[in-house]
Amino acid sequence: MNAIRPWRTIERRQSRQIMVGNVAVGGDAPITVQTMTNTPTEDVGATLDQIRRCEDAGADIIRVSCPTEEATRHFDKITRAANVPIVADIHFHYKRALEAADKGAACLRINPGNIGSSERVAEVVRAAKANGCAIRIGVNAGSLEKDLLEKYGEPCPEALIESALDHIKLLQDHDFHEYKVAVKASDVFLAVAAYHGLAEAVDCPLHLGITEAGGLIGGTVKSSIGIGSLLWAGIGDTIRVSLSAEPEQEVRVGFEMLKALGLRTRGVRVVSCPSCSRQGFDVIRTVEALEKRLEHIKTPMSLSVLGCVVNGPGEARETDIGITGGGKGKHMVYLSGVTDHHVEDESMLDHIVRLVEEKAARIDAGEDVAFDPHAAPAVEAAE
């Protein structure tokens with residue numbers, strides 16, 4: 001579709017590819033979605049329960065904090081039970097990185113600025129090499145080195161980039177190249193400027209994020225502006241949406257960003273109207289219910305839910321399944337862009353869920369395909 005609609009084309013920055021466990025990051029690999037657990041890592045059961053919820057939401061990589069020796073004592077139980085690569089989040093105590101690497105971490109997230117001396121960084125690199133771990137350099141505006149703050153006077157794009165380049169050199173001096181880098185800030189302007197500058201300076205994969213973005217709504221907006229603008233510019237190989245919300249929500253928001261830009265497809269893409277007094281049914285409550293009941297669908301497909309016939313038929317022509325509000329509690333259902341049948345108010349929710357589940361099952365079985373309204377029409381065979 002993008003070939004004939006160049007205004008939809010995103011030219012991704014060319015980066016080296018590294019492996020985080022069995023997940024490729026960078027190069028031509030799909031942009032991955034990450035999150036981070038917030039349970040006490042010492043509580044292996046609670047941490048694994050949260051990991052399962054994040055896996056179900058579609059997380060490609062999950063980060064787990066390792067602040068104490070007790071947290072890493074049973075870290076191998078977490079890495080063995082998880083179905084996705086686990087990143088060990090390390091701050092201050094370099095020995096936690098050594099322990100996590102020995103116990104199955106696929107990647108070590110370190111901020112070399114607070115990990116200690118270059119000798120300690122060298123030990124972390126040796127442990128990473130020995131265990132096949134990648135490393136994520138995490139530069140953050142809130143924890144810049146004192147000399148850079150003195151040099152620049154405040155966190156600024158140049159300071160973040162210089163910090164990242166210094167830490168990259170530390171790893172390269174030890175002949176370590178399986179790294180990705182983040183230059184995060186809670187200030188959208190600062191983060192975006194830093195990522196643009198870093199993207200021009202290095203060829204390693206970049207981990208995108210607006211750190212301490214806020215709650216579900218405010219944080220989603222800030223992250224969408226910052227991460228979204230970078231992705232649109234072709235920058236970024238893996239993302240984490242930092243929200244004061246449950247980690248599975250971070251995953252869902254991340255996927256919605258990628259879906260909106262056509263960079264990843266997963267689950268049901270819902271097109272719905274904001275509703276008005278013309279609506280033939282309660283659009284807001286209907287969409288809330290459908291999104292909840294269709295969370296389990298992983299098959300990429302589209303659903304339009306519109307309250308009236310002003311834009312309803314036009315939007316329905318673009319989606320796999322559509323519902324448009326009609327009069328007297330009777331609504332029109334569209335299948336693959338074509339009007340098909342009516343459904344009554346009381347059975348509408350169950351009916352739409354069943355249609356989505358049935359089509360997803362057919363797509364998964366290879367008996368159907370997701371509807372593409374822009375596909376060229378099939379050419380009929382000559383008689």
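Entry 1. I started with α12 and α14. On the α12 side I find Thr-286, Ala-289, Leu-290 and Arg-293, and they meet Met-348, Leu-349, Asp-350, Ile-352 and Val-353 of α14. Sorted by class, the residues of this contact come out as six nonpolar, one polar and two charged. A reminder to myself before going on: this is a predicted model.

Next I looked up the geometry of that pair. Helix α12 covers residues 283-293 and helix α14 covers residues 348-364; their axes are 11 Å apart, and the packing angle is about 40°. That makes α12 oblique to α14, since an angle has to be under 35 degrees to count as roughly parallel. I noted the crossing of α12 and α14 as right-handed.

Entry 2. On to α10 and α11. Helix α10 spans residues 216-232, and it packs against α11 at an angle of about 40°, with the axes 10 Å apart. I therefore put α10 and α11 down as oblique to each other. Their crossing is right-handed.

Which residues of α10 and α11 meet? From α10 I wrote down Leu-216, Thr-220, Ser-223, Ser-224, Ile-227 and Leu-231; from α11, Gln-249, Val-253, Met-257 and Leu-258. By class I get six nonpolar and four polar residues in the contact of α10 with α11, and no charged ones.

Entry 3. I stayed with α11 and turned to its contact with α1. Helix α1 runs over residues 44-57 and helix α11 over residues 247-260; the axes come within 8 Å and cross at roughly 15°. That makes α1 roughly parallel to α11, because the cut-off for that label is under 35 degrees. This crossing, α1 with α11, is right-handed.

For the contact itself, α1 brings Gln-50, Arg-53, Cys-54 and Ala-57, while α11 brings Pro-247, Glu-248, Val-251, Arg-252 and Phe-255. My tally by class for α1 with α11 reads five nonpolar, one polar and three charged.

Entry 4. How many aromatic pairs does a search of the whole structure find? I searched all of it and got zero.

I then looked for charges over rings. Arg-266 lies over the face of Phe-255, 5.7 Å from the ring centre.

Note on methods. Residues are numbered from 1 along each chain as its sequence is written. This is a predicted model: local features need pLDDT of at least 70, side-chain atom pairs count only at pLDDT 80 or more; totals for chains, interfaces and linings use all residues. Side-chain values use heavy atoms; hydrogens and water are left out. Axes are lines fitted to C-alpha atoms, for helices over the stretch in contact, and angles run from 0 to 180 degrees between N-to-C directions. Helices (H or I, at least four residues) and strands (E, at least two) are DSSP runs, numbered from the N terminus. Angles under 35 degrees count as roughly parallel, over 145 as roughly antiparallel, 65 to 115 as roughly perpendicular and the rest as oblique. A crossing is left-handed if the near helix is turned anticlockwise from the far one by less than a right angle, and right-handed if clockwise. Contact means heavy atoms within 4.5 Å. Ala, Val, Leu, Ile, Met, Phe, Trp, Tyr, Cys and Pro count as nonpolar, Asp, Glu, Lys and Arg as charged, and the others, Gly among them, as polar. Rings of Phe, Tyr and Trp (its six-membered ring) pair if their centres lie within 6.5 Å; planes under 30 degrees apart count as stacked, over 60 as edge-to-face and the rest as tilted. A charge sits over a ring if NZ of Lys or CZ of Arg is within 6 Å of the ring centre and within 35 degrees of the ring normal.
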